[in-house]
There are 2 protein chains.
Amino acid sequence: MKPVRRKLDTRNGRVDLSHGSGGRAMAQLIADIFHDAFDNDWLRRNDDQATLDAQEGRLVMTTDGYVVSPLFFPGGDIGSLSVHGTINDIAMAGATPKYLSASFIIEEGFALGDLKRIAQSMGDASRAAGVPIVTGDTKVVERGKADGVFISTAGVGVLPDGLSLSSDGARPGDAVLVSGSMGDHGVAIMSRRENLEFGVEILSDSAALHGLTAAMIGAAGGALRVMRDPTRGGLAAALNEIAHQSNVGFTINEELIPVKPQVAAACEFLGLDPLYVANEGKLMAICAPQATETLLNAMRAHPLGREAALIGHVVEDERNFVEMTTRFGGGRIVDWLSGEQLPRIC
Amino acid sequence: MKPVRRKLDTRNGRVDLSHGSGGRAMAQLIADIFHDAFDNDWLRRNDDQATLDAQEGRLVMTTDGYVVSPLFFPGGDIGSLSVHGTINDIAMAGATPKYLSASFIIEEGFALGDLKRIAQSMGDASRAAGVPIVTGDTKVVERGKADGVFISTAGVGVLPDGLSLSSDGARPGDAVLVSGSMGDHGVAIMSRRENLEFGVEILSDSAALHGLTAAMIGAAGGALRVMRDPTRGGLAAALNEIAHQSNVGFTINEELIPVKPQVAAACEFLGLDPLYVANEGKLMAICAPQATETLLNAMRAHPLGREAALIGHVVEDERNFVEMTTRFGGGRIVDWLSGEQLPRIC
């Protein structure tokens, strides 16, 4: 008598506490939803861990929790986001992402169909990026003790010898580049949350950036000092963090920062500043001045960097200020927000 | 003007949404609570990922989500548990755990003092085990959208050449050993949850098992076939999973399975079967018959294996049954529970 393999009812079924209890119901949920979507030999072994090949080079490890609300949004969902975001954190170190893990915390009563859709989207994102999800875990909490589903992904990558990028690497005179328009992800989430329409649908920019970063490293090599994906807190938070960690300042020019017209309009309507709004498929890079053109060209030659732009420079500044020349020619300090701007944006 | 470094109020303060927003409040929470507790150079770099040494040998990767309720229980808390559980999943593959990551999902309003206590406990567990927490992430969700704090940890370890343990490795004739008494963790949680007292306080067995597994591998080497930590679903779920994955059966003897008298009494009172109750500091091992004595002696020589016992054998069985001789000499099938027994036990 083998365990009954009745298919999960992903049309009308819902997650219940038995799906997190370690018994047969959990085994079935994992097989029918996660193994089916992620589809690889590591998962099929059904071990509590994955045994992977030996790797040449230093390891890079990262983790992120995803609590985005709503779970589905224009341009993506929590599943694809949880793959892209973690891949990007590995890529920003200059490393090649190799493997992902996924931990699901699911609220009792969550629709199995939605869980399947999220898992399929994760699987698609993982295959498209060439970074498999090799191990995972599922927990279920009582109704009202979570909000649909939360996903924590971790990632492991490999960093070739000789390359070293870190947030303390910016030097006065360095150039500051961004790979494209700012604020798309956050505004896509907010407009779905507030049920707003702005004529043109605003899509999240959620994307895996390791192809772009590989091209950038190939072109600029050691002249590349820092890469950072400006997620929560947007470009403003990323610049302020690096200013402190590298003990420098920044001067940036508002006119040079790409922002889509519909995103600018939505931000004005919502009372947001696009510099503080999260991106999930864009990066900021800091490079030695002589490499600026080479790096810009390499970025623009990649599909995810077509609108790359030079937006400013690193300056000596013990106060670690980020100063911006505004579109009207004035100056202002781009400070960190001390409070919260957009909760659960990723 | 450096960012204000007023200390967090960990006596009366509470987590608010700004602590998850990517701004200055989040930077302070991370510095004052997590960096302070985990204390290592990787975290002090303040990057979104950790760059680690190159590793010799195959990598092993795992992740687990922790949603235990209550957060503090006799013998541990969600912090120490989240370190031990993930280390153990690495150790069960025969690998040496090297690095951990931690993703926190925190409910708005959660007491900063409790968060600090949990982080300190994680830091203590990590230092005691010699496995640092090298990178992390913090998200905050609105009040009522989570339950205090959830933690997902991931782990990376290294597996020496030649060793290969997997749940499909059990062979008829092999011996089945456990490292000590069953059911302690689950009963400790349940008695705290139900506010029960049983004369002697029942403590969770939560512990990192990689020292024990290293000793076992040293003693038995290739004669060791499978190791598994029987967490959710207890020994019963672990045996049933391995029976299916190895396509074998088991015969075990109830009288030989160590269960503490107070745990047995509590189980009777609570209507639980200790074979189905989670453990967090015990393992089950399957080895070739000729290595049984050597392995048992090695386990008993380690502080976490003093009460190790031979509890049964692997048999040929196409039905993949786990059959148990009961204390009264009868026989019964130890099946998987299809439903849930103890939600949020880990």
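A residue is taken as buried when its relative accessible area is under 20%. By this criterion, in the predicted model, twelve of the 15 residues of helix α1 of chain A are buried, so the helix is largely enclosed by the rest of the structure. The buried positions are A:Arg24, A:Ala25, A:Met26, A:Gln28, A:Leu29, A:Ile30, A:Asp32, A:Ile33, A:Phe34, A:His35, A:Ala37 and A:Phe38. Elements covering these residues include the helices α2 (41-44) and α4 (112-129) and the strands β5 (96-107) and β6 (133-141), which belong to chain A.

Helix α1 of chain A runs over residues 24-38. At 1.5 Å a residue, a helix of 15 residues should span 21 Å, and the end C-alpha atoms of α1 are 20 Å apart, in agreement with that value. After α1 comes A:Asp39, with a positive phi near 45°.

An unreviewed UniProt entry assigns residues 171-323 of chain A to the feature "domain: PurM-like C-terminal". Across residues 171-323 the chain is 35% helix and 18% strand. The end C-alpha atoms of this segment lie 16 Å apart.

Chain A can be superposed on chain B with an RMSD of 0.0 Å by a turn of 180° and a shift of 0.0 Å along the axis. This is the relation of a two-fold axis. In chain A, the C-alpha nearest the axis belongs to A:Ala146, at 2.1 Å from it. Of the interface residues of chain A, 100% are also interface residues in chain B, so the copies meet through the same surface.

Note on methods:
Residues are numbered from 1 along each chain as its sequence is written. Chains are lettered from A and ligands numbered from 1 in the order in which they are written. This is a predicted model: local features need pLDDT of at least 70, side-chain atom pairs count only at pLDDT 80 or more; totals for chains, interfaces and linings use all residues. Side-chain values use heavy atoms; hydrogens and water are left out. Helices (H or I, at least four residues) and strands (E, at least two) are DSSP runs, numbered from the N terminus. The expected span of a helix is 1.5 Å times one less than its number of residues. Buried means under 20% relative accessible area, exposed over 50%, partly exposed in between (1.4 Å probe, protein chains only). Contact means heavy atoms within 4.5 Å. UniProt positions are given in the numbering used here, feature names are shortened, and annotations may be inferred rather than shown by experiment. Copies are superposed by least squares on the C-alpha atoms of residues with pLDDT of at least 70 in both.
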